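This briefing goes through one protein chain, topic by topic. Please keep the sequence and the structure at hand while reading.

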Amino acid sequence: MAANTQRSAKKTRLINNVIVHEVLAVLAFVWVFPIAWVVLTSFRAEKGSYVSTFLPQGYTFDNYARLFTDTTILNFPKMFGNTLFIAICSCILSTFYVLAVSYCLSRLRFKMRKPYMNMAMILGLFPGFMSMVAVYFILKALGLSEGGLIRLALILCYSGGAGLGFQIAKGFFDTIPLAIDEAALIDGCTRWQIFTKMTLPLSKPVIVYTVLTSFIGPWALTYGYETYPEIRIEEVFQKLFAEKGVSADEALVLHAGQFFRVLATEYIRLYKGVILMLGRLWMQGKKIYLLSNAQRIFTEYEMRMLDVARYFDGIMISSDYGVKKPDRIFYELLLEKYHLAPEDSIMIGNDAKTDIAGAAGVGMDTCYIHSNLSPEHDLPVKATYVLDEMNIDRLCRMLEIL
């Protein structure tokens, strides 16, 4: 009887284990498969973001090679380096703050100890973006909101409030016997020596956890670089073709986009005197660059049709870079690509936010022209020079003096 009961118990346990492992295997597949698909897609040989097959038909390392070597469109190595530097610095500071605060709250007894822990718990209930405006104005007042000091500002933001996340590390320190600290104090150790030479060596698991969480937070948040992302209209048309079951190459997508633009545009014309102005500036040796929020398949054809492309020393179109004005990244890409100094450059535009505010954010002088296409903004125009109307002659005289 006992043997039958034991066999029945083993059989029940085996069935339960099989069911549990099957469920876990299904969950593991659900969680791991998207990651594996993303990794496989990164090696895909087919061009474009939209394809008709779920899995890649061919594999190549060219995507990664181009990512780290081709900086004409996106300077990924610099972005990767900036993010890594910010994440490492934030990780070091945050880890120290968390472990130090946790040790103090676990081992020391002082006034306001419990109120502080309660306050930290309550503050943790509120999302961090509630303090975004206040933090921005503080950083702006300290001069940390522009230029290379932005990295320092990000490090301070990511690590400054790390001490409030002490709960897990404190709970781990509470499990270490207090008798160890008391014995060390009798032997003449200071609190710092106890913390660094005794407590930390016994706390490797929570240190690893703190380091990982402190690194992943800044890494994930900083990696998204553009504030104003831009799409590529070619990918939209390619997806439309794929949905209709049409295999479209790059030439077909290009012609479809241009044909769509022709049908959607009644007429295109330049302001009176623009060709004359560009010619005069070009004759004087002025360097002229175009920074445009547009789609290349539209703008490139239209500029050739209007015969103005030849007057520009460089043309940067937002669809090529995945970012658009007024994002400072777009302006910094222009300055870096053509080796321009912000203090020696002037941005001319008819949009107070997109053109003027964006250029001023990287330290460029600005000239705002109020035209019939100028959008209305709530913010006042803060430009170095302001033209109340599209007056080409006046603009030419001003630029010739500059």
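The model is a predicted one. Its chain holds 18 helices and five strands. Buried residues make up 30% of the 402 in the chain. Among contacts with a separation of 6 or more, 61% are between residues 24 or more positions apart.

**The three-stranded sheet**

- Strands S3, S4 and S5 form an open sheet in that order, and the pairing is parallel. Because S3 and S5 stand at the edges with a single partner strand each, one side of each has no neighbour in the sheet. From one strand to the next, the twist averages 15 degrees.
- S3 (346-349) pairs with S4 in the parallel sense, and four bridges connect them. Ile348 has Cys367 in S4 as its bridge partner, and Gly349 has Tyr368 in S4.
- S4 spans residues 365-369, and four of its five residues are buried, which leaves the strand mostly covered.
- S5, made of residues 385-387, runs parallel to S4 and is joined to S4 by three bridges. In this pairing Ile369 is opposite Leu387 of S5.

**The S1-S2 pair**

- S1 (residues 289-292) and S2 (residues 314-317) run parallel and are joined by four bridges. Leu290 has Ile315 in S2 as its bridge partner.
- Helix H14, residues 296-306, makes a right-handed β-α-β unit together with S1 and S2.

**The crossing of H3 and H9**

- H3 (76-107) and H9 (residues 191-199) have axes that come within 12 Å, crossing at roughly 110 degrees. An angle of 65 to 115 degrees counts as roughly perpendicular, and H3 and H9 are therefore roughly perpendicular to each other.
- The crossing of H3 past H9 is right-handed.
- On the H3 side, Phe96, Leu99, Ala100, Tyr103 and Arg107 take part in the contact; on the H9 side, Arg191, Trp192, Ile194, Phe195 and Thr199 do.

**Backbone geometry in loops**

- The peptide bond between Lys325 and Pro326 is cis, with omega at about 10 degrees. Pro326 sits in the loop that links helix H15 (318-321) to helix H16 (328-337).
- Met112 is not a glycine, yet its phi is positive, at about 70 degrees. Met112 belongs to the loop between H3 and helix H4 (113-123). Its relative accessibility is 58%, so Met112 counts as exposed.
- His339, also not a glycine, has a positive phi of about 55 degrees. The loop that holds His339 runs between H16 and S3. With 72% relative accessibility, His339 counts as exposed.

**Single residues and their surroundings**

- Is Ala248 buried or exposed? Its relative accessible area is 17%, and the cut-off for buried is under 20%, so Ala248 is buried.
- Ala248 lies in the loop between helix H11 (233-243) and helix H12 (250-264). Beyond its neighbours within four places in sequence, Ala248 contacts Gln238, Phe241 and Val253. Gln238 is ten residues from Ala248 in sequence, and their C-alpha atoms are 6.8 Å apart.
- Met283 is part of helix H13 (residues 274-283). Its relative accessible area is 66%, so Met283 is exposed. Met283 and Tyr311 are 28 residues apart along the chain, with 9.9 Å between their C-alpha atoms.

How values were computed:
Residues are numbered from 1 along each chain as its sequence is written. This is a predicted model: local features need pLDDT of at least 70, side-chain atom pairs count only at pLDDT 80 or more; totals for chains, interfaces and linings use all residues. Side-chain values use heavy atoms; hydrogens and water are left out. Helices (H or I, at least four residues) and strands (E, at least two) are DSSP runs, numbered from the N terminus. Buried means under 20% relative accessible area, exposed over 50%, partly exposed in between (1.4 Å probe, protein chains only). Two strands pair if DSSP finds at least two bridges between them. Axes are lines fitted to C-alpha atoms, for helices over the stretch in contact, and angles run from 0 to 180 degrees between N-to-C directions. Angles under 35 degrees count as roughly parallel, over 145 as roughly antiparallel, 65 to 115 as roughly perpendicular and the rest as oblique. A crossing is left-handed if the near helix is turned anticlockwise from the far one by less than a right angle, and right-handed if clockwise. Contact means heavy atoms within 4.5 Å. A crossover is right-handed if, with the strands pointing away from the viewer, the path from the first strand over the helix to the second runs clockwise.
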